[in-house]
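Subject: Structure handover

Hello,

Here is the structure you will be working with. Please open it and keep it beside this email while you read the notes below.

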Amino acid sequence: MARVTKHKHYRPPGKKKEGNAARYMTRSQAVKQLQVNLPLFRRLCILKGIFPREPKKKVKGNNHTYYHVKDIAFLQHEPLLEKYREISSYQKKIKKALAKKDEDLANRLRTREPTAKLDNLVRERYPKFVDALRDLDDCLSMISLFAALPAEQRLKINVELVHKCRRLIHEWQAYVARTHKLRKVFVSVKGIYYQAEVEGQKITWLTPHAIQQILPDDVNYSVMLTFLQFYETLLGFVNYRLYHFINVKYPPILDPRLEALASELYAATRYIDANSRALVQHNDSISSISDLDKAQQGGTHHQESELRLAQLQHQLPSNEPGALMHLIEDNNGENEDDQDTKECKKLFKDMKFFLSREVPRESLLFVIFAFGGAVSWDGDGAPFKEVDQSITHQIVDRPTQGHKYLSREYIQPQWIYDCVNARIILPTDCYIVGRIPPPHLSPFVDNEAEGYVPDYAETIKRWQAAARNEVLPMPSLGKEDLDDPQNLLVEGYINRAEAIEAAERKRKMESLEKQYHEELKMELQGVNNPSLASKKTKTTSPENEEAKEESIPDIQQIADDAEKMTKVLMSRKKLGLYEAIEKNKQRKKTHVNKLKERKKLHETQKSA
């Protein structure tokens, strides 16, 4: 008999699949099971949020893409799949009419072409509004990118798509500006990074610079357009909900004159302001009418109100002290803004800015509106003209200025962004037109964690402390010098009696700390009783003391030995993780040293 050769993954006929072979399938198997082509399969995976998996054991080989079987079953029961099949069959009718050269029939079919709606997918992927806000970073970055791209029919980027992206991003910016939710701004080579805090969620997105964008050929625009289709629906839902929170009708009806002048952001903020004022006036009128009715019916309802008050009195937690005050404080906290919003609202208060033609208008409009300032620009539809004498600052980005007004300050655009990140009004001396401005520091970098604090960051920290009336050490001193009572007495922060008391307390702490270090040293020498150790030290000779000092082990050596022992006891996985952490620390340290060397070289060149 001929011998049957069993393959590596041999399975007898009729036996059920087990393990990874039953849990995963390749992309070709998934496409065959769904009976769709590869572009439609990619589109469905993007819209439904299904991504490839990496199984531990790849049954079909390493050169295949694997998907989970449950994900493919999830796609198989999706109503959107049937909708795309319907669209595909309908497009075949249009092609057939064009092949027969029947233009009228083709045009009629185009007007009735079915479209796929993604509303159910948004509700399915984000059951809560907070989930949608957490996933909004990529959405805003993608829509901001397409809002700045030129229309290209060859790549299926039409004019309506670009206009819709501009409208959505301006509606989002108008909400953030009018609710003062913007927190950080950073201008980089890639674009302008913004961070807003909406409903307790920090949302960071990137907006490209307002320059002519070049469309490279090595980008798959069909995949990007699929993502954009979903993100448009998502941002529309988010904007609707946010506008509903502030009692403003959505979508906003913008001024067509301002839209024609490319001032959609200003038009959207005006719409929110107008609707908010109308709502407040409407509520005031309703409250005045209700007050009048209550005054007329006051006699009849007086007994009912007393009875209601007596019933509520029994429900209050009267035995717990301060319970009613806690209820009142909670109610007030819901109505008031948080501390960050209050700071942002008042930063540019009572300031009027005028933007010259060469500065990034949309970015500065957004930032100044978000921090409570009034702003105008050079062009039609502006709120006020350049000749207005109440303008306090003019933003200019060119070295020379023709006509200057003595009643305002001429500054560079970086001053706005640095003030926003520092949350204080910085001095304008370094930002005057014609001067090289100070370095634009990123608010997303923690200088203390990185180990290197730039000089300008230290200067801003001192200005912030001065604005909050805090005490900071002088540049030549450290933070520990603030504990010295003599320094605080000289600066006038404490009186003489408090200084004497603080000095006595500090002396006691130093003596206790010294005693603790002596006892710790004796423990390392092997002596347990400090009193016996003191007696022994009196009787011992100087030669014995020198010999004992030589026999004392080095503390650093003990620490190194303990570290080596812990390394030996680690597992391979933990040891690799520990070595990666140490490498990262060393890399950070070398980077900090390199920055310090550059700074020293720059200072020597500057002094020379």
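Setting aside neighbours within four places in sequence, Q195 is in contact (heavy atoms within 4.5 Å) with K181, L182, R183, K184, K202, I203, T204 and F444. This is a predicted model, in which local features need pLDDT of at least 70 and side-chain atom pairs count only at pLDDT 80 or more, while totals for chains, interfaces and linings use all residues. Residues are numbered from 1 along each chain as its sequence is written, and side-chain values use heavy atoms, with hydrogens and water left out.

Q195 is part of strand β4, residues 192–198. Helices (H or I, at least four residues) and strands (E, at least two) are DSSP runs, numbered from the N terminus. Q195 has 9% relative accessibility, so it counts as buried. Buried means under 20% relative accessible area, exposed over 50% and partly exposed in between, with a 1.4 Å probe and protein chains only. The side chains of Q195 and T204 are joined by a polar contact of 3.0 Å. A polar contact is a pair of N or O atoms within 3.5 Å; within protein, one must be able to donate a hydrogen and the other to accept it, and residues adjacent in sequence count only if both atoms are side-chain atoms.

Next, the aromatic rings. Rings of Phe, Tyr and Trp (its six-membered ring) pair if their centres lie within 6.5 Å; planes under 30 degrees apart count as stacked, over 60 as edge-to-face and the rest as tilted. By this rule there are 18 aromatic pairs. One of them is W172 with W205: the ring centres are 5.8 Å apart and the planes are at 75 degrees, so this pair is edge-to-face. Because W172 lies in helix α10 (residues 159–179) and W205 in strand β5 (residues 201–207), the pair ties together parts 33 residues apart in sequence. W172 counts as buried at 0% relative accessibility, and W205 at 1%. W205 also forms a tilted pair with F366, at 6.4 Å centre to centre and 45 degrees between the planes. F366 is in helix α17 (residues 361–370), 161 residues from W205, and both W205 and F366 are buried. Elsewhere, ring pairs link Y126, F227, F230 and Y231 into a cluster.

Last, helix α2 (residues 27–34) has A30, V31 and L34 as its buried residues. They lie on the same side of α2, because they cover an arc of only 100 degrees around the axis, taken from the directions from the helix axis to the C-beta atoms.

Regards
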